[in-house]
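I opened this notebook to record what I looked up in the model, entry by entry. The sequence and coordinates come before my notes.

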Amino acid sequence: MEFFEIEGKRYHIKSLLGKGKGGYSYLVEGNGLFVVKKIHHEPCDYYTFGNKMEAEIFCYNKLSSLGVVMPKMLAFDLNQELILKEYIEGDTVMELVQRKEMKEDYVRQMRNICKTLYANHTNIDYYPTNFVVKEGILFYVDYECNDYDEKWNFENWGIKYWLP
């Protein structure tokens with residue numbers, strides 16, 4: 001596959017950015033750089049899915065309403081199970097941790113996000129590949145969210161991946 005077509009516009013694939021439990025994310029070009037997430041239906045031993053497209057759209061709207069800093073959802077195609085997102089250029093938290101360039105400010109930003117999430121009985125996927133830092137601002141680049149469970153909050157699960 002060389003391109004995706006969404007709402008009559010072609011987006012040429014430049015590279016695979018990553019694979020998560022819900023889909024593959026590609027860096028694409030089409031009058032600028034964007035991300036296309038292609039939903040997959042591969043099994044996941046530790047997570048149960050409903051309708052992935054509905055969940056992505058629901059979580060995007062919920063997290064946006066809570067003020068979580070994320071790339072904008074620009075378009076989607078339910079039939080092809082594609083989501084077009086704004087591309088946030090920068091290093092992932094995982095890359096920063098691996099290079100020992102992680103800053104306490106990014107953890108502080110995450111804890112501030114958590115205050116809002118927890119107050120609204122919500123967790124997100126705190127794994128460090130889901131966060132990009134651009135110009136010192138932490139962006140959550142996934143749209144996954146779940147009901148709050150203390151076992152899976154940032155302090156009990158996510159933070160261990162954020163520290164060297």
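Where is the place of E135? I find E135 in the loop between β9 and β10, where helices (H or I, at least four residues) and strands (E, at least two) are DSSP runs numbered from the N terminus.

**Ground rules.** I note that this is a predicted model, in which local features need pLDDT of at least 70 and side-chain atom pairs count only at pLDDT 80 or more, whereas totals for chains, interfaces and linings use all residues. Residues are numbered from 1 along each chain as its sequence is written, and side-chain values use heavy atoms, with hydrogens and water left out.

**Backbone entries.** I looked up phi for E135 and found a positive value near 50° in a residue other than glycine; E135 is also exposed, with a relative accessible area of 74%. Here buried means under 20% relative accessible area, exposed over 50%, and partly exposed in between (1.4 Å probe, protein chains only). N31 is not a glycine either, and its phi is positive at about 60°; I place N31 in the loop between β3 (23-29) and β4 (33-39), and its relative accessibility of 81% counts as exposed. Just after α3, H121 takes a positive phi of about 55°.

**Core entries.** I then turned to the nonpolar cores, each a set of buried Ala, Val, Leu, Ile, Met, Phe, Trp, Tyr and Cys residues joined through side-chain atoms within 4.5 Å. The largest one has 32 residues, and M110, I124 and W162 have the most contacts inside it. At least two residues of this core come from each of α1 (52-65), α2 (93-98), α3 (104-119), β9 (131-134), β10 (137-140) and α4 (154-162), and α3 gives the largest share, 6 residues. Apart from this core lies another, of 10 residues, among them Y11, Y26, F34 and V36. For I124, leaving aside neighbours within four places in sequence, I listed contacts (heavy atoms within 4.5 Å) with L63, M110, L117, F131, Y140, E144 and C145.

**Helix α3.** I checked the span of α3, whose 16 residues reach 23 Å from first C-alpha to last, close to the 22 Å expected at 1.5 Å a residue; the expected span is 1.5 Å times one less than the number of residues. Its buried residues are Y106, V107, Q109, M110, I113, C114 and L117. Seen down the axis of α3, these fall within an arc of 155°, so they line one face of the helix; the arc is that of the directions from the helix axis to the C-beta atoms. They pack against α1, α2, β8 (122-124), β9, β10 and α4, while E104, K115 and A119 are exposed on the other side of α3.

**Helix α4.** In α4 I found F154, W157, G158, I159 and W162 buried, and the buried residues of this helix pack against α2, α3, β9 and β10. At the start of α4, a side-chain oxygen of N153 reaches to within 3.2 Å of the backbone nitrogen of E155.

Which strands are the edges of the open sheet? The sheet has 3 strands in the order β7-β9-β10, with antiparallel pairing, where two strands pair if DSSP finds at least two bridges between them. Its edge strands are β7 (91-92) and β10, each pairing on one side only. I traced the antiparallel pairing of β7 and β9 over 2 bridges, and noted that T92 stands opposite V132 in β9.

Note on methods
A polar contact is a pair of N or O atoms within 3.5 Å; within protein, one must be able to donate a hydrogen and the other to accept it, and residues adjacent in sequence count only if both atoms are side-chain atoms.
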